[in-house]
Amino acid sequence: MRLFLEVYPKTPKVLSCHYANCLHNFLCMLESVHMKFKISIALITVAGVLALLFALSTLKKNGGATEVAASFYPIAFLAERVAGDSVTVFSVTPFDTEPHDYELTPSMALRLSNAALFIHTGAHLEPWANTVITTRNTQELPSLTLLTEENALLHGEDTETDTRGDDGSEFDPHFWLSPLRAIAAADQIAFTLAHVYPEDEAVFTANAHALTTTLKKLDAAYRTELASCTSRILVTDHDAFGYLAADYGLTVHAIRGISPDEEPSIATLAAITELVRTNNIKTIFTEELVSPTIAQTIARETGAHVALLSTIEGLTEDDIKNGNDYISKLRGNLTTLKKSLACN
Ligand SMILES: [Zn+2]
């Protein structure tokens, strides 16, 4: 038996081949106009087919073209939960890096360009994405854009801030801080993964159901437990909580703009300080991956205290050490909000 197999990455179609429906998949693979596997078979026997399927299965488990890329931590978390063991998911932005500051490295650009699918917000948080999506060698990188005109908030919507991304994007990227938006994202991810890996559709559907069941409980807890807060105003560092505020009846006043590396003007600092005094606000919220100095200064001047409200844009060393993840940090944020806003 002679069996020649040339494998070219970037091929989602046949990489999820399973033994149960192996012959069907194999025939589909041969017929698929999208396939990038080039197979030259001098003699194919039943044993040869099984050997080929074993090779594909091994390739799938080892990553390479079978990988799905997510732009940063919370998206990677959602994608991993939906994908389960069927597909390898990696985060382009390291978990301990603030994604607003992330710059794509050459090695990561190469890995990303070889992914079967790229999941991102489509807002200005991933300014490096478009180049990779559109300049891949043979065809555009398949991608899922989670935010669109239909489901995205504009920067500054429902807040006092009106800043825009450097690339002109008007979308607020921080949807994952609202459990309600995360439910919709998980469903989008399951639908798209099933399109890329149709053999695993039932797995993705079941995994998405388990994930959204957890998120729906969190959504209900946010809705119920934030319904009767004495204060409904959040004073935060950067403007990351617009979706949370919009979905659960709160108002956000951010010290910085949509990105934590924006420096607030004197006028903004004065306005926030006045707002805190006027509304007798007790808490200024800080976040993990950004210096709390400005929030601490406003707190000192107004007699407020500071509390950590996670933007869940990554995981700290302590998070990893303590086994924290996206879900536990959403729960932690609810606990912090209830205490800080004096909710009954
Ligand atoms: Zn942010």
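Reader: Which residues of α6 are buried?

Author: Happy to start there, with the note that this is a predicted model. In α6 the buried residues are Pro-179, Arg-181, Ala-182, Ile-183, Ala-185, Ala-186, Ile-189, Ala-190, Thr-192 and Leu-193. They pack against α3 (73-83), β5 (117-120), β6 (143-145), α7 (201-225), α8 (242-248) and α12 (326-340).

Reader: How do you know that the length of helix α6 agrees with its number of residues?

Author: Helix α6 covers residues 179-196, which is 18 residues, and at 1.5 Å a residue these should span 26 Å. The C-alpha atoms at its ends are 26 Å apart, so the two values agree.

Reader: What makes α3 oblique to α7?

Author: Let's take the angle. α3 and α7 pack at about 125°, and their axes are 7 Å apart. Roughly perpendicular runs from 65 to 115 degrees and roughly antiparallel begins over 145, so an angle between those two ranges is called oblique. That is why α3 counts as oblique to α7.

Reader: Which residues meet where α3 and α7 touch?

Author: From α3 come Arg-81, Val-82 and Ala-83, and from α7 come Phe-204, Asn-207, Ala-208 and Leu-211. By type, the residues of this contact divide into five nonpolar, one polar and one charged.

Reader: Why is Ala-210 called partly exposed?

Author: Ala-210 sits in helix α7. A residue needs 20 or more neighbours to be buried and 12 or fewer to be exposed. Ala-210 has 13 C-beta neighbours inside 10 Å, so Ala-210 falls in between and counts as partly exposed.

Reader: How far apart are Ala-210 and Val-82, in sequence and in space?

Author: In sequence they are 128 residues apart, while their C-alpha atoms are 8.7 Å apart in space.

Reader: How do you know that the buried residues of α10 line one face of the helix?

Author: The buried residues of helix α10 (residues 293-302) are Ala-295, Ile-298 and Ala-299. Looking down the axis of α10, these residues fall within an arc of 100°, so they line one face. Thr-293, Arg-300 and Glu-301 are exposed on the other side of α10.

Reader: What covers the buried residues of α10?

Author: The cover includes α9 (266-278), β9 (283-286) and β10 (305-308). Just after α10, Gly-303 takes a positive phi of about 80°.

Reader: And how many helices and strands does the protein have?

Author: There are 12 helices and 10 strands. Of the 344 residues, 42% count as buried. Among contacts with a separation of 6 or more, 66% come from residues 24 or more positions apart.

Technical notes: Residues numbered from 1 in each chain as written. Predicted model: local features only at pLDDT ≥ 70, side-chain atom pairs only at ≥ 80, totals over all residues. Helix = DSSP H or I, 4+ residues; strand = E, 2+ residues; numbered from the N terminus. Arc of directions from axis to C-beta. Contact = placed C-beta atoms within 7 Å. Expected span 1.5 Å × (residues − 1). Axes fitted to C-alpha atoms, helices over the stretch in contact; angles between N-to-C directions. Parallel < 35°, antiparallel > 145°, perpendicular 65-115°, else oblique. Nonpolar A, V, L, I, M, F, W, Y, C, P; charged D, E, K, R; others polar.
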